[in-house]
Amino acid sequence: MKSKKNLVLIGMMGSGKSTIGKLLAKKLNFKFYDIDQLIEEQMNMKITEIFKLKGENFFRNLEEKVTLKIMNSNDSVIALGGGGFINDHIRKEAITKNETFWLDWNLGTLINRIRRNNKRPVALSLSNNELKNLVVKRSKYYAKAKNKINCEKRSKSEIIKKILNLYENN
Ligand code: S3P
C-alpha cells in the first residue's frame with residue numbers, strides 16, 4: 001500500500017496536540033509520536049529537568065534533531081512541542097513534506113488550559129501578560145500551517161472529524 005503523508009499537529013502548550021494526536025492515530029491506524037515524550041525517553045529526564053539542568057538551548061537543539069528525524073517517517077501523527085514550529089528548519093520541513101494542522105483556541109481559553117498544569121517550564125517563568133504576548137507572537141508562525149482548526153466550542157470528536165475531513169480530501 002502507498003505510504004501516506006504524516007499529520008503534524010501544531011499549537012501552543014495546552015492546545016491538545018497529544019490528546020488529539022493519539023486519538024487521530026488510532027482512527028487512521030497510524031503511528032503516534034509525541035516529540036516531548038521522545039525527548040524525555042531519549043534523555044531519561046523530564047522536560048522540566050532538561051530545562052533546569054541543561055538549559056533551553058540544549059532542549060531546542062535536541063527538539064530540532066528529534067523532530068526532523070521523526071518527520072521523515074510516513075503514516076504517522078506527530079505532536080510537536082509548542083515551540084517546535086517556531087524553528088525555521090522544522091517549520092519548513094513540516095510544511096513541505098507533511099500535512100500541518102494548527103489547533104487554535106481563544107487567548108483566554110489557552111491561558112486557562114496552560115495554567116492547569118505546572119510541568120511546562122516556559123509557561124512557569126512567565127506572567128499571564130507575558131504568556132499572552134508569547135501566544136500572540138507565536139500565532140504568527142502557527143498561522144503558516146496549511147490547516148487551521150478552530151477548536152473553541154468543538155468537542156474532541158468534532159475536532160478529530162474536522163482534521164480527518166481536511167486530511168482525506170487533500
Ligand atoms: C514548550 C512546549 C512544551 C515543551 C517545552 C517547551 C514551548 O510542549 O516542548 O516545555 O516552548 O511552548 P507542549 O506544547 O507539548 O506542552
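Biologist: Which helices each supply at least two residues of the shell around the ligand?
Modeller: Those are helix 4 (56-70) and helix 7 (121-124), where a helix is a DSSP run of H or I with at least four residues, a strand is a run of E with at least two, and numbering starts at the N terminus. This is a predicted model, in which local features need pLDDT of at least 70 and side-chain atom pairs pLDDT 80 or more, while totals for chains, interfaces and linings use all residues. Residues are numbered from 1 along each chain as its sequence is written, and side-chain values use heavy atoms, without hydrogens and water.

Biologist: And which residues come nearest to the ligand?
Modeller: Among the 13 residues around the ligand, the nearest are K17, D36, R60, R120 and R138, and a residue is counted if one of its heavy atoms lies within 4 Å.

Biologist: What lies 2.7 Å from an oxygen atom of the ligand?
Modeller: That is a polar side-chain atom of K17, and a polar contact is a pair of N or O atoms within 3.5 Å. For R60, a side-chain N or O atom is 2.6 Å from a ligand oxygen, and a polar side-chain atom of R138 also has a ligand oxygen at 2.6 Å.

Biologist: How much of the ligand does the protein bury?
Modeller: The protein buries 95% of the 380 Å² that the ligand exposes when taken alone, with areas from the Shrake-Rupley method and a 1.4 Å probe.

Biologist: Changing topic, how many helices and strands are in the chain?
Modeller: The chain has nine helices and five strands, and its elements run β-α-β-α-α-α-β-α-β-α-α-α-β-α from the N terminus on.

Biologist: What box do the C-alpha atoms fill?
Modeller: Along the principal axes, the C-alpha atoms of the chain fill a box of roughly 45 × 35 × 25 Å.

Conventions:
Polar contact = N/O pair within 3.5 Å; in protein donor to acceptor, adjacent residues only side chain to side chain.
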